Amino acid sequence: MKKLKERWGIDSNFQIIIIFIVFAITGSTASFIGKPILNYLNITPENFSTFGYWTIRILLLFIMYQIMLVFFGWLFGQYKFFWNFEKKMLSRIGLKRFVN
């Protein structure tokens, strides 16, 4: 835990627990609401190829996850941590210009 606290720049074990909870809630929520959104948009494996459907679904989940991660981080009082986390992650995948 000590290495994780140093790496993330946080002070307490309670913050680590909150951060893990936010990651869990965000992942579960993004996965849970992804399929109904695709159904609403009439994007199904029958309308698209299986590859196309899963490509769109993964892309949608990725975008939703990024937005919800910051939102749930804010909701749990860890906005600064998750905003910095997002900036670092987006810059690593080449989208740095969108977070400056």
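Glutamine 78 sits in the loop between α3 (50–75) and α4 (79–92); helices here are DSSP runs of H or I with at least four residues, strands are runs of E with at least two, and both are numbered from the N terminus.

Leaving aside residues up to four places away in sequence, glutamine 78 touches Gln15, Ile18, Ile19 and Gly73, a contact being heavy atoms within 4.5 Å. With one of these residues, glutamine 15, the side chain of glutamine 78 makes a polar contact through the side chain, at 3.3 Å. A polar contact is a pair of N or O atoms within 3.5 Å; within protein, one must be able to donate a hydrogen and the other to accept it, and residues adjacent in sequence count only if both atoms are side-chain atoms.

Residues are numbered from 1 along each chain as its sequence is written, and side-chain values use heavy atoms, with hydrogens and water left out. As this is a predicted model, local features need pLDDT of at least 70 and side-chain atom pairs count only at pLDDT 80 or more, while totals for chains, interfaces and linings use all residues.

## The chain as a whole

The chain has 4 helices and 0 strands, and from the N terminus on its elements run α-α-α-α. The radius of gyration of the chain is 16 Å, well over the 13 Å that the globule rule gives for 100 residues, so the chain is more spread out than a compact globule; this radius is taken over C-alpha atoms, and the rule is 2.2 Å times the number of residues to the power 0.38.

Along the principal axes, the C-alpha atoms fill a box of roughly 50 × 30 × 20 Å. Of the 100 residues of the chain, 30% count as buried, and among contacts with a separation of 6 or more, 50% are between residues 24 or more positions apart.

Phenylalanine 14 belongs to helix α2 and counts as exposed, with 58% relative accessibility. Its C-alpha atom is separated by 21 Å from that of serine 28, which is 14 residues apart from phenylalanine 14 along the chain. Alanine 24, also in helix α2, counts as partly exposed at 43% relative accessibility; alanine 24 and leucine 69 are 45 residues apart in sequence, and their C-alpha atoms are 9.8 Å apart in space.

In helix α3, isoleucine 63 is partly exposed, with a relative accessible area of 44%. The C-alpha atoms of isoleucine 63 and alanine 30 are separated by 9.2 Å, while the two residues are 33 residues apart along the chain.

## Asparagine 42

Asparagine 42 lies in the loop between α2 (13–40) and α3. Most residues other than glycine have a negative phi. Asparagine 42, although it is not a glycine, has a positive phi of about 60°.

## The lining of the largest pocket

The largest pocket has a volume of about 370 Å³. Of the 14 residues that line this pocket, the closest to its centre are Arg7, Trp8, Phe81, Phe85 and Lys88. On a 1 Å grid over the protein atoms alone, a pocket is an open set of points where a 1.4 Å probe fits, with protein on both sides within 12 Å along at least five of seven lines, and lining residues have an atom within 4 Å of a point. Grid points are joined across faces, edges and corners, and the volume is the space filled by probe spheres set on the points.

Helices α1 (2–8) and α4 each supply at least two residues of the lining, and the largest share, 7 residues, comes from α4.

Note on methods:
Buried means under 20% relative accessible area, exposed over 50%, partly exposed in between (1.4 Å probe, protein chains only).
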